[in-house]
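Work through the exercises below with the sequence and the 3D structure at hand. Each task is followed by a solution in steps.

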Amino acid sequence: MNRIVFMKQLLAIATLTVSTVSLQAQARPGDVTVNPQLEAFKKLDTNKDGVLSVKEAGKDSLFNTTHFAKADLDKSGTLDEQEFMDYKSAEQNKEVERIADDSVITASIKAAIVKEEGFKGLQISVETHRGVVLLSGFVDAPSQVATAERLAKATTGVRSVKNSLIVKR
């Protein structure tokens, strides 16, 4: 029975993923493409000189002094459009990868729990942030608390597990 539920959930996730990708990929000839980083650069360039000073770039939450220095590849003390866009894109990609990694960890743990004999997998919540997993919910026996934690710790990418599972009485 658990395998059937798991397969239905997996099929639903796959269907949603394909639908989302298909909708995102459909562009029409009249669509205008705007580069959000370029628009952000232009908005920050208050004196319209084509470069950002530390003060101008500092209005963007990403560009504290440390990030500004890393983005300033030519060490000119300013950021041109390319330096700004390249650095901002790279940092956003890192964040997307981290979120995707956390999502894969969460899905893997949920799948392992659902496959495990004796579990009602949907009664356990799994949340992941930067590789730290939080297990919460209710289980029937103390052994299930330990099993869920073991499954989570065995998942690739997990840095630590906070087990808040409660045994029903």
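**Exercise 1.** At what angle do helix H2 and helix H5 pack, and how far apart are their axes? Classify the arrangement and list the residues in contact.

*Solution.* The model is a predicted one.

Step 1. Locate the helices: H2 covers residues 36–44 and H5 covers residues 81–115.

Step 2. Read off the geometry. The angle is about 125°, and the axes are 9 Å apart.

Step 3. List the contact. H2 contributes Gln37, Leu38, Ala40, Phe41 and Leu44, while H5 contributes Glu81, Phe84, Met85, Lys88, Ser89 and Gln92.

Step 4. Sort these residues by class. Six are nonpolar, three are polar and two are charged.

**Exercise 2.** In what order do the three strands of the open sheet lie? Identify the edge strands and the helices that pack on the sheet.

*Solution.* 

Step 1. The order is S3-S4-S5, and the pairing is mixed.

Step 2. Find the edges. S3 (124–129) and S5 (160–167) each have a single partner strand, so one side of each lacks a neighbour in the sheet.

Step 3. Compare strand directions. Ignoring direction, neighbouring strands are turned by 10° against each other on average.

Step 4. Examine one pair. S4 (residues 132–139) and S5 run parallel and are joined by eight bridges. One of the residues in this pairing is Val133, whose bridge partner in S5 is Val161.

Step 5. H6 lies across S3, S4 and S5 and runs at about 160° to S5.

**Exercise 3.** Is Val145 buried or exposed? Describe its surroundings.

*Solution.* 

Step 1. Apply the cut-off. Buried means under 20% relative accessible area. Val145 has 18%, so Val145 is buried.

Step 2. List the contacts. Leaving aside residues up to four places away in sequence, Val145 touches Val139, Asn163, Leu165 and Val167.

Step 3. Check one C-alpha distance. Val145 and Ser164 are 19 residues apart along the chain, and their C-alpha atoms are separated by 8.6 Å.

Terms used. Residues numbered from 1 in each chain as written. Predicted model: local features only at pLDDT ≥ 70, side-chain atom pairs only at ≥ 80, totals over all residues. Heavy atoms only, no water. Buried < 20%, exposed > 50% of the residue type's maximum accessible area, 1.4 Å probe, protein only. Contact = heavy atoms within 4.5 Å. Axes fitted to C-alpha atoms, helices over the stretch in contact; angles between N-to-C directions. Helix = DSSP H or I, 4+ residues; strand = E, 2+ residues; numbered from the N terminus. Nonpolar A, V, L, I, M, F, W, Y, C, P; charged D, E, K, R; others polar. Pairing = 2+ DSSP bridges.
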